[in-house]
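Subject: Structure handover

Hello,

I am passing this structure on to you. Please open it first; my notes follow below.

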Amino acid sequence: MTKSKSNYSIFSLAFPIAIEFLFQRLFSIADTLVLSNYSDTAVASVGYADQILSISLLIFQVISSGTSILLAQAIGAKQKDAQTNVCTSSIFLSLILGAVTCIILLISRNALLDMLKVSPALKIYASDYLHLFLFHRFH
């Protein structure tokens, strides 16, 4: 009986992570589908911007996975204080890193696109897309 309860706890922790990742990918797919009716340049620009966003989202997936592991250990050890500390620390770390990441990406988006060797025509759209995406995430 303990084994199935343990599996349920791990599933209940992993399920939100999987759903979050799914919605992030669906968001990118929806952008691509909508923009495909507009122009090929816009689709290519979003593809470049999505590469930058995917790398930045990896940071939060690592934090989320680490939180799940630490929380599962605290739940298994029945340590209520540790559970609270893990959740609180994870939330504050995510908020701080989220703000810092958004600011850094907003400031350096053109330099990052230059590093990817994006053509000037695509860079305008990609920079605007990153600006809108990050600005609205930050608010």
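In which helix is the place of Ile104? Ile104 sits in helix α3, which covers residues 80-115. Please keep in mind that this is a predicted model.

Ile104 also belongs to a nonpolar patch on the surface.

As for the chain as a whole, it contains four helices and zero strands. Along the sequence this reads as α-α-α-α. The chain has 139 residues, and 27% of them are buried. It exposes about 9,400 Å², with 71% of that area supplied by carbon and sulfur atoms. Among contacts in the chain with a separation of 6 or more, 69% are between residues 24 or more positions apart.

I also looked at one residue in another helix. Thr67 is part of helix α2, residues 40-76. Is Thr67 buried or exposed? Thr67 counts as buried because its relative accessibility is 16%, and the cut-off for buried is under 20%. Its side chain reaches the backbone oxygen of Ile63 at 2.8 Å. Once neighbours within four places in sequence are left aside, Thr67 is in contact with Val86 and Ser90.

That is what I have for now.

Regards

Technical notes. Residues are numbered from 1 along each chain as its sequence is written. This is a predicted model: local features need pLDDT of at least 70, side-chain atom pairs count only at pLDDT 80 or more; totals for chains, interfaces and linings use all residues. Side-chain values use heavy atoms; hydrogens and water are left out. Helices (H or I, at least four residues) and strands (E, at least two) are DSSP runs, numbered from the N terminus. Buried means under 20% relative accessible area, exposed over 50%, partly exposed in between (1.4 Å probe, protein chains only). A polar contact is a pair of N or O atoms within 3.5 Å; within protein, one must be able to donate a hydrogen and the other to accept it, and residues adjacent in sequence count only if both atoms are side-chain atoms. Contact means heavy atoms within 4.5 Å. Patches are made of residues with over 30% relative accessible area and no salt bridge: like charges are joined within 9 Å, nonpolar side chains (Val, Leu, Ile, Met, Phe, Trp, Tyr) within 5 Å. Accessible areas come from the Shrake-Rupley method with a 1.4 Å probe; for residues, only the protein chains shown count as cover. A salt bridge is a side-chain nitrogen of Lys or Arg within 4 Å of a carboxyl oxygen of Asp or Glu.
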